[in-house]
Amino acid sequence: MTTTDDYALFEFLLRQGDNALVLGHRTSEWCGVGPVLEEDIALANTALDLIGQTQLWLAFAGEVEGKGRDANDLAYFRDPYDFRNVLMLELPNEDFARTMMRQFLFDAFQVPWLDALTTSSEQRVADIAAKSLKEAKYHLERSAETVVALGDGTEESNARMRNALEFLWPYAGEIFSDDEIDESINRKRIAPLPSSVRDVWNRVVDQTLSDAMLSRPESDFSHKGGRTGFRHTEHLGHMLATMQVLQRSHPGATW
Amino acid sequence: MIGERFSSKQIWNWLENVPDPEIPVISVVDLGVVRDVKTDKETVEITITPTYSGCPAMRVIEMDIVTELAKHGVENPRLKTSINPPWTTEWLSGKGRARLEEYGIAPPRAAGGPERCPLCKSTDVERVSQFGSTPCKAQWRCKTCLEPFDYFKCI
């Protein structure tokens, strides 16, 4: 990287790519153990979309960095503190309720966010966003429907969704926490500030939670540190150990 | 000297013989995955686009294109991947849509669901799941003949 501009763009691209990668990997953990066959297939396909988006973002990040690292190098040979995903996405799946609630909270951000990125001054960002947006809209349709079906379902499913929401809520706000990287990117019209899509997110989340017979937690406290790399949870390292073991043990192995 | 020997029209015709690896009844041309063919004196350049960004068939499609063209003496074609503009189901050809239905996959519709059961043609159908056996398909079921079927998702 030659300039501070490139540094900000690199960090920005890692944030996009790592969100997709970490959620994609977590979602793929359901492959073969989904609660019913249709959900198993849906989760695997969602994971596949996210991993595809990861390849687009991280390939671009590697080119901007200019050290010859490609998407695979960035995915498999970085350590936890080099990841820039928000903390919510690295938390363990726990159960289907938490998995779907997290997917919904993320999709509800991702749709307006990617939509805004389609007018980025950086053409490649606009292209990746336009491609990913189609998939994100489809994901949101499913995750929102599932949140409503389970929230407004049985006593058991409602209780599980309530637990999931209460557990995830203190992590959800990190996605909107602007910092100097976001400001630099915003000045160059590559992306708006993440906080600028919070109103849209609030509306979608409030409506869906209300349809799902769930109440939105009151506190706006949010854990932070994932998207800046300052502090990840203890769970990311364990996740990466599984995700990276093959490439770390046999560098460059291919199918 | 490749470009002098082959016209882009010829290349397009040959690519019609390359089936989609997961839906072999339609070609990668009918699917709208091949976006552009350029020929010049040096090389043949083919631009392809993924249906879904994580489509695992892309590498196989590239290999199949290279293999098919090699049969006709086209050596070392250059393959480019483009995501702009993003793939849309509108790029499926009329022929591709008809073949999908014959094969048992309901073709995509802007309305967001299949027009009818590809097997018995009943319009009394319901969705089972938004996702199916590949990223580009959803699971539906016919309430008349009771058979499940794939629906090619509309994006």
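Student: Which are the buried residues of helix 4 of chain B?

Tutor: They are B:G96, B:L100 and B:E101. Buried means 20 or more other C-beta atoms within 10 Å of the residue's own, exposed means 12 or fewer, and partly exposed is in between; C-beta atoms are placed from the backbone. Helices (H or I, at least four residues) and strands (E, at least two) are DSSP runs, numbered from the N terminus.

Student: How do those buried residues fall, seen down the axis of helix 4 of chain B?

Tutor: They fall within an arc of 135°, so they line one face of the helix. The arc is taken over the directions from the helix axis to the C-beta atoms.

Student: And which residues are exposed on the other side of helix 4 of chain B?

Tutor: B:G94 and B:E102.

Student: Before we go on, what are the ground rules here?

Tutor: This is a predicted model, where local features need pLDDT of at least 70, side-chain atom pairs count only at pLDDT 80 or more, and totals for chains, interfaces and linings use all residues. Residues are numbered from 1 along each chain as its sequence is written, while chains are lettered from A and ligands numbered from 1 in the order in which they are written.

Student: Back to the helix. What do the buried residues of helix 4 of chain B pack against?

Tutor: Strand 4 and strand 7 (148-152) of chain B. After the helix comes B:G104, with a positive phi near 105°.

Student: Why does B:L100 count as buried?

Tutor: Because B:L100 has 23 C-beta neighbours inside 10 Å.

Student: Which residues is B:L100 in contact with, leaving aside neighbours within four places in sequence?

Tutor: B:I26, B:I105, B:P107 and B:F152. Contact means that the C-beta atoms, placed from the backbone, lie within 7 Å. B:I26 is 74 residues away from B:L100 in sequence, but their C-alpha atoms are 7.1 Å apart.

Student: What order do the strands take in the open sheet of chain B?

Tutor: The order is 4-7-6-5, four strands with mixed pairing. Strand 4 (105-106) and strand 5 (125-129) of chain B are the edges, each pairing on one side only. Two strands pair if DSSP finds at least two bridges between them.

Student: How many bridges join strand 5 of chain B to strand 6?

Tutor: Four, and the two strands run antiparallel. One partner to look at: B:V125 bridges to B:C142 in strand 6 of chain B.

Student: New topic. How is chain B divided into domains?

Tutor: Into domain 1 (2-87) and domain 2 (93-152). The bounds come from an automatic or database domain assignment. The C-alpha centres of these domains of chain B lie 27 Å apart. Ten residues of domain 1 of chain B are in contact with ten of domain 2.

Student: And between the chains, how many residues of chain A are in contact with chain B?

Tutor: 19 residues of chain A, against 15 of chain B. Helix 2 (37-65) and helix 5 (123-151) of chain A each give two or more residues to that side of chain A. Helix 2 of chain A gives the most, ten residues.

Student: Last one. Which residues does A:V147 contact, leaving aside neighbours within four places in sequence?

Tutor: A:M100, A:M101, A:F104, A:M161, A:T208 and A:A212.

Methods: Two residues are in contact if their C-beta atoms, placed from the backbone, lie within 7 Å.
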